[in-house]
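This briefing covers two topics, the contact between the protein chains and the surroundings of the ligand. Please read it alongside the sequence and the coordinates.

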Amino acid sequence: MIKLEGLTKVFKGHNIPAVKDLNLEVNEGDVCVLVGPSGCGKTTTMKMINRLYEPTGGKIYIRGEDALQMDPIKLRLDIGYVIQEIGLFPHMTIYENIATVPNEKQWPKDQVKEKVDNVMSLVGLDPEIFKNRYPSALSGGQRQRVGVARAMVSDPPIMLMDEPFGAVDPITRARLQNEFLRIQERVDKTIVFVTHDIDEAIKMSDTIAVMREGELVQHATPSDLLSAPADEFVSNLVGRNRSIKRLHLIRVSEILEEVDRAPALKEDTKEEEVKKRLDESDIRTVIVVDRDNKLKGVIGVNDLKRKTGEVAGDYFQEVSDTVTDDATLNDALSVMLEIGEGYVAVVNEDEKYQGTITLGDLLNVVREDS
Amino acid sequence: MDQLLGMAFDAFRAAGNGIESIAQAGDRGIIAHTIDYISRRSDLILELMLEHLWLVILTLIIAVTISVTIGIIISYYESLAQTVLGICQVLMVIPSMAMLAFMVPLFGIGFTTGVVALVLYSLLPVVRNTYTGIRELDPAIVEAAKGMGMTERRILFKIKIPLARPVIMAGVRTAAVMMIGIAAIAAYVGAGGLGELIFSGISRGHQPMIIAGAIGVSIIAIAFDYLLYYGEKRFSVEGSTREGN
Ligand SMILES: Nc1ncnc2c1ncn2[C@@H]1O[C@H](COP(=O)(O)OP(=O)(O)OP(=O)(O)O)[C@@H](O)[C@H]1O
Ligand SMILES: [Mg+2]
């Protein structure tokens, strides 16, 4: 979708290139995150893609077409752009700001209105509340949402997002990231995303391009980047807790298939069977479910000793927390630490029991790649 | 020490009283005469005021059109900017009498000469403010507009000019007030207006005439400044929301 070949930019009066011989390919529907320290050329690279900066050398292909030969206005109208400084127009309302590109494209008024309303809801801004406000009457996080909405309103196949969540506190940032991922799942755009936060890069990306002093150091999937950093610079960038970061990448459902644990017990199971299953269990605990496979609780060795009834349904303990199968392993780990157990039960969105994940399983995942 | 201070204080007071009484004696006569003059010649004064106003408005329209255009052009050509601003600066510091004298051989005596001279005079404030108003816009705003695919023309009319407008208008106000004063001198080359009153007052030694002319000029200047200021404020709905972002 986007292909950069030997892309180079030397600013007038500079000796050192801001971007040097950059080769990078981003596939359709992928989120490619450019990451690297301040001044490494991320913004410069991005501005060459929409031709705000003319490259000193190299080629840019968009869907196989030479972008440097295209009419820059047409090119830009089809590339959503979120500028690092947000750059909302202070003399225009939020509505007018977001309607910029549709108006440039001369869409009919009704259609513009509908799209603006849609995209505002999509990024979590109530159109009725915010439409007629001016940018100065918005918080930093709200402005960033407007910036993102403005870039995506005309549904461009490609988006360039330069630190779109830069100016907000960590909690708002995490929320914006999750919203972004949720939206991206639906719209499936080709996105170049800049950040200098490696955690954000790992979370948001299909591939990560690490840059340093204008050069591409490594372009890989986040998982490859974590398990095989190209050099010391990259491994320093991803930091010491690589294994823990890796847990961000894997969903619970993925390892549930691999761990082969005995199925849960029904409520009417008799004592002998419970005892047998407890002896076999690696966590000395069994899960109890009802007839519809809904999670009821757990039985540990002590519960069996102090049993208050004949069948399993009489003496299980309730569990205080579970994870859903689309959570990450990192979420699973957090829950285990919170409930103070070496395991956590996994349920799907209908609360049907899916399986159990243990600390040991997580250790295996971490061990595999180190 | 105290004595010394006391003496100084007394001296001051005496001097003050003296000046005051002299001024009062003189003023009373002049004021009475001027009021008398104004009420007698109100037709003439009003006519000259309208003439003055017409000269200023016409000149202002021409000057603002030219200056804003020049200001916009030099905002795109940085290398031209300093030269152009330098020329405007020079034009403005030429003494008004000299400027008018230069114009006479070119345009003869009359209204046109006055207009041309006034236009040349008032270039600087508007050219300079248009130029800096556009130049000093937040580059991120312009870049965002460009990055989204707006053409340079649309950026100019939808982004740059609206955002620079308050600065440009400040230049227009400066130019207008300056022009109203200099327009009085333009009567010297037959451009008409309140200057005629002042000049004939001087040549005849008729003080009430001079003062009536000066008052007329001041009223026009203050009214203009006020109108332009509040006009601009009311015109810009978002006046209070410009900063931020
Ligand atoms: N318009 C410009 N003119 C001259 N030099 C520039 C310009 N823009 C960027 N540079 C230089 O190019 C280099 C790369 O800058 P760039 O903005 O691409 O960095 P970045 O990776 O986006 O950094 P950050 O994370 O701080 O945004 C820097 O050394 C910068 O000073
Ligand atoms: Mg940057």
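How many residue pairs are in polar contact between chain A and chain B, counting those with both at pLDDT 80 or more? In this predicted model, the count is three residue pairs.

**Interface of chain A and chain B**

- On the side of chain A that touches chain B, helix H4(A) gives the most, with four residues, and by class that side has 14 nonpolar, six polar and six charged residues.
- The contact draws on 26 residues from chain A and 22 residues from chain B, and the area buried between the two chains is about 2200 Å², with carbon and sulfur atoms giving 64% of it.
- Within chain A, the residues that lose the most area to chain B are Pro90(A), His91(A) and Glu104(A), which together account for 27% of what that side buries.
- Two salt bridges are found across the interface; Lys47(A) forms a salt bridge with Glu143(B), in which the closest N and O atoms are 2.7 Å apart.

**Surroundings of ligand 1**

- Ligand 1 is surrounded by 14 residues, the closest being Ser38(A), Gly39(A), Lys42(A), Thr43(A) and Thr44(A), and by class this shell has four nonpolar, eight polar and two charged residues.
- An N or O atom in the side chain of Lys42(A) is 2.8 Å from an oxygen atom of ligand 1, while a polar side-chain atom of Gln84(A) lies 2.9 Å from an oxygen atom of the ligand.
- A polar backbone atom of Cys40(A) is 3.2 Å from an oxygen atom of ligand 1.
- Of the 630 Å² of accessible area that ligand 1 has on its own, the protein covers 66%.

Technical notes: Residues are numbered from 1 along each chain as its sequence is written. Chains are lettered from A and ligands numbered from 1 in the order in which they are written. This is a predicted model: local features need pLDDT of at least 70, side-chain atom pairs count only at pLDDT 80 or more; totals for chains, interfaces and linings use all residues. Side-chain values use heavy atoms; hydrogens and water are left out. Contact means heavy atoms within 4.5 Å. Buried area is the accessible area (1.4 Å probe) that two parts lose on being put together, summed over both. A salt bridge is a side-chain nitrogen of Lys or Arg within 4 Å of a carboxyl oxygen of Asp or Glu. A polar contact is a pair of N or O atoms within 3.5 Å; within protein, one must be able to donate a hydrogen and the other to accept it, and residues adjacent in sequence count only if both atoms are side-chain atoms. Helices (H or I, at least four residues) and strands (E, at least two) are DSSP runs, numbered from the N terminus. Ala, Val, Leu, Ile, Met, Phe, Trp, Tyr, Cys and Pro count as nonpolar, Asp, Glu, Lys and Arg as charged, and the others, Gly among them, as polar. A residue is near a molecule or strand if one of its heavy atoms lies within 4 Å of it. Accessible areas come from the Shrake-Rupley method with a 1.4 Å probe; for residues, only the protein chains shown count as cover.
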